Amino acid sequence: MAPPRSLPNIIITGTPGTGKTSHAELLAERTGLKHISINQIVKDKECHEGYDEEYQSWIVDEDKLLDAIEDEVTKGGCIIDWHACDLFPKSWIDLVVVLRVDTATLYDRLTERKYPEKKLQENIDAEIMDVLIQEAREAYDEEIVVELESVTTDQMESNVERIEQWLKQWKEDNGVAT
Ligand SMILES: Nc1ncnc2c1ncn2[C@@H]1O[C@H](COP(=O)(O)OP(=O)(O)OP(=O)(O)O)[C@@H](O)[C@H]1O
């Protein structure tokens, strides 16, 4: 059955620092799809229950967050950028891209961001233990989950091209003029 939207919704997920925002911005620029930065929405629309000083991050209120984005996302054409994916209803999502990097690269990127030591270590452990890809595979049909490496800018370029190709195919399959 065709999804009830004229453009698909894509999640770009992965451990912090894997390149979600970089990919989402480039993809939005190339395709005209809308970049939904969940970090930004949590802050702007106050979808949180306060700030965790130790982790230096917002404690997200998931129900409030879903309410805040529902109207926009259910219309279609959104690129959802966040380090978690299983809270978004299956019926909203057409493709889940999980970005991956090696430990040394992630360490450098998170150190550069001055992550607190505990948060840095937990995120590196999460990447090593495949937490995000497992979460994606458990929450969505396996055929819509794609794992892509995001270490180099060439890889980012080819990842975005691959998603553009997927989008073109989705439009053809769903009778949307390109
Ligand atoms: N494929 C890549 N090649 C080279 N540099 C990259 C790549 N992906 C990300 N980077 C760099 O890594 C850093 C983190 O990228 P980005 O902010 O896009 O990650 P993120 O997953 O959105 O992080 P967060 O979850 O914390 O928002 C940036 O400096 C970015 O330029």
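Predicted model: local features only at pLDDT ≥ 70, side-chain atom pairs only at ≥ 80, totals over all residues.
Visitor: How many residues surround the ligand, and which are the closest?

Guide: A residue is near a molecule if its C-beta atom, placed from the backbone, lies within 6 Å of it. Here 17 residues surround the ligand, and the closest are Pro 16, Gly 19, Lys 20, Thr 21 and Ser 22. By class, this shell has three nonpolar, twelve polar and two charged residues.

Visitor: Which helices each supply at least two residues of the shell?

Guide: Helices are DSSP runs (H or I, at least four residues), numbered from the N terminus. In this model α1 (20–31) and α7 (153–173) each supply at least two residues of the shell around the ligand.

Visitor: At what angle do α1 and α7 pack?

Guide: Axes are lines fitted to C-alpha atoms, for helices over the stretch in contact, and angles run from 0 to 180 degrees between N-to-C directions. For α1 and α7 the angle is about 45 degrees, with their axes 10 Å apart. That makes α1 oblique to α7, the word for angles that are not under 35 degrees (roughly parallel), over 145 (roughly antiparallel) or 65 to 115 (roughly perpendicular).

Visitor: What about α4 and α5?

Guide: Helix α4 (residues 103–112) packs against α5 at an angle of about 155 degrees, with their axes 10 Å apart. That makes α4 roughly antiparallel to α5.

Visitor: Which residues of α4 and α5 meet?

Guide: Two residues are in contact if their C-beta atoms, placed from the backbone, lie within 7 Å. Thr 103, Leu 106, Tyr 107, Leu 110 and Thr 111 in α4 meet Leu 120, Asn 123, Ile 124, Glu 127 and Ile 128 in α5. This contact has six nonpolar, three polar and one charged residues. Just after α5, Asp 130 takes a positive phi of about 60 degrees.

Methods
Residues numbered from 1 in each chain as written. Nonpolar A, V, L, I, M, F, W, Y, C, P; charged D, E, K, R; others polar.
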